[in-house]
Amino acid sequence: MKLNVRHKVWLVLSVGVAIFAVLQVRYAFMLKSSTLEEKKQKLRHVTETAYGVLKYYHELASQGKLSEEDAKKMAMSAVKLMRYEGTEYFWINDTRLPYPQMVMHPTVSSLDGKTLDDPKYNCAKSMKAGTKGKEIKTDGKKNLFQAFVEVCKESGEGYVSYMWPKPLAGGGVTKEDYPKISYVKLFEPWQWVIGSGIYIDDVDSAFRSTLTQILLQNAFVIFVFIFAGLFLSKNLT
């Protein structure tokens with residue numbers, strides 16, 4: 001079918017709008033992915049710093065400068081006091097399955113020594129053994145600490161995403177759950193898993209904000225293209 005001049009103008013303008021929109025949306029997704037990856041890398045680095053504390057005290061025990069029991073106690077005490085970004089902390093659980101036990105939790109000491117089989121922990125959404133492994137989706141009902149141990153037993157480290165309430169400033173937690181991700185690392189000599197977690201709902205919020213801006217930009221571009229199309233098609237015709 002042969003297109004007249006008016007149809008050709010509208011075709012060119014429509015293709016231009018479509019390409020612009022696709023590039024903008026692609027940019028939004030790339031920005032979301034890179035932001036999340038930066039957060040994961042930072043989480044990994046701070047956890048490896050805490051891991052270094054365990055390694056330090058284990059070496060003292062290996063050299064005979066401390067008993068293993070004292071080395072463990074001192075390591076736990078040191079990690080318990082560690083914080084980053086003001087309030088973020090590290091915990092330690094053991095590697096027994098099907099349900100691990102908490103070795104040390106810095107903010108809820110009543111968990112120490114408890115088997116972590118409470119139904120509220122059945123919230124893991126995905127698991128990633130290692131830092132470059134394939135992310136495996138779960139049904140969202142897998143035990144969180146079980147997932148921590150499984151990725152560590154497979155690759156020595158990994159990420160687990162889940163939903164968790166946020167702490168409130170005046171005490172207590174929110175009724176709504178928010179997306180969170182944890183990085184965990186196996187300290188093999190003591191069969192401990194050390195980890196930390198951060199909320200990532202701000203990544204989704206930034207992504208939605210970017211998409212909104214893109215929609216507004218596209219609406220403006222479409223308006224300009226329509227005006228240009230009407231002008232050009234009229235004059236060229």
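Colleague: Is S196 buried or exposed?
Modeller: Bear in mind that this is a predicted model. S196 has its place in strand β7, where W192, I194, S196 and I198 point one way. Buried means under 20% relative accessible area, and because S196 has a value of 0%, the residue counts as buried.

Colleague: Which residues does S196 contact, leaving aside its neighbours within four places in sequence?
Modeller: S196 sits in β7, a strand that pairs with β6 in the antiparallel sense over 8 bridges. Once the neighbours within four places in sequence are left aside, the contacts of S196 are L43, T47, Y84, Y89, F90, W91, I181, S182 and Y183.

Colleague: How many residues of β7 are buried?
Modeller: W192, I194, S196 and I198 point one way from the strand, while V193, G195, G197 and Y199 point the other way, and all are buried. β7 is thus described as mostly covered, and the count of its buried residues is 8 of 8.

Colleague: What is the strand order of the open sheet?
Modeller: The pairing in this open sheet of 7 strands is antiparallel. Its edge strands, each pairing on one side only, are β2 (102-104) and β4 (136-143), and the twist averages 35 degrees from one strand to the next. The order is β2-β1-β7-β6-β5-β3-β4.

Colleague: How many bridges join β1 to β7?
Modeller: Strand β1 covers residues 91-94 and β7 covers residues 192-199, and the two run antiparallel. Within this pairing I92 stands opposite I194, and D94 stands opposite W192. The number of bridges joining β1 to β7 is 4.

Colleague: What is the phi of Q191, in the turn between β6 and β7?
Modeller: β6 and β7 form a hairpin with 4 residues between them, and F187 has W192 of β7 as its bridge partner. Q191 is partly exposed, because its relative accessible area is 32%. Although Q191 is a residue other than glycine, its phi is positive, near 55 degrees.

Colleague: Is E85, a residue that is not a glycine but has a positive phi, buried or exposed?
Modeller: E85 is found in the loop between α2 and β1, and its positive phi is about 50 degrees. The cut-off for exposed is over 50% relative accessible area. Because E85 reaches 52% relative accessibility, the residue counts as exposed.

Colleague: Where is the cis peptide bond that involves P98?
Modeller: P98 lies in the loop between β1 and β2. The bond concerned has omega near 15 degrees, and it runs from L97 to P98.

Colleague: At about what angle does helix α3 run to β5?
Modeller: Helix α3 (residues 144-155) lies across β1, β2, β3, β4, β5, β6 and β7. For β5, which spans 157-167, the angle to α3 is about 165 degrees.

Colleague: Which element gives the most to the lining of the largest pocket?
Modeller: The largest pocket has a volume of about 640 Å³, and of the 25 residues that line it, the closest to its centre are Y89, H105, T107, W164 and K180. By class the lining has 15 nonpolar, 6 polar and 4 charged residues, and α3, β5, β6 and β7 each supply at least two residues. The element that gives the most, with 5 residues, is β5.

Colleague: How many charged residues are in the lining of the second largest pocket?
Modeller: The second largest pocket has a volume of about 370 Å³, and of its 20 lining residues the closest to the centre are L36, E135, K137, S161 and I200. The elements that give two or more residues to this lining are α1 (5-62), β3, β5, β6 and α4 (201-236). The lining divides into 10 nonpolar and 2 polar residues, and the number of charged residues is 8.

Colleague: What distance separates the C-alpha atoms of R44 and T131?
Modeller: R44 lies in helix α1 and touches T131, E157, Y159 and Y183, not counting residues up to four places away in sequence. R44 and T131 are 87 residues apart along the chain, and the separation of their C-alpha atoms is 9.1 Å.

Notes. Residues are numbered from 1 along each chain as its sequence is written. This is a predicted model: local features need pLDDT of at least 70, side-chain atom pairs count only at pLDDT 80 or more; totals for chains, interfaces and linings use all residues. Side-chain values use heavy atoms; hydrogens and water are left out. Two strands pair if DSSP finds at least two bridges between them. Axes are lines fitted to C-alpha atoms, for helices over the stretch in contact, and angles run from 0 to 180 degrees between N-to-C directions. Contact means heavy atoms within 4.5 Å. On a 1 Å grid over the protein atoms alone, a cavity is a set of points where a 1.4 Å probe fits but cannot get out, and a pocket is an open set with protein on both sides within 12 Å along at least five of seven lines; lining residues have an atom within 4 Å of a point. Grid points are joined across faces, edges and corners, and a volume is the space filled by probe spheres set on the points. Ala, Val, Leu, Ile, Met, Phe, Trp, Tyr, Cys and Pro count as nonpolar, Asp, Glu, Lys and Arg as charged, and the others, Gly among them, as polar. Buried means under 20% relative accessible area, exposed over 50%, partly exposed in between (1.4 Å probe, protein chains only).
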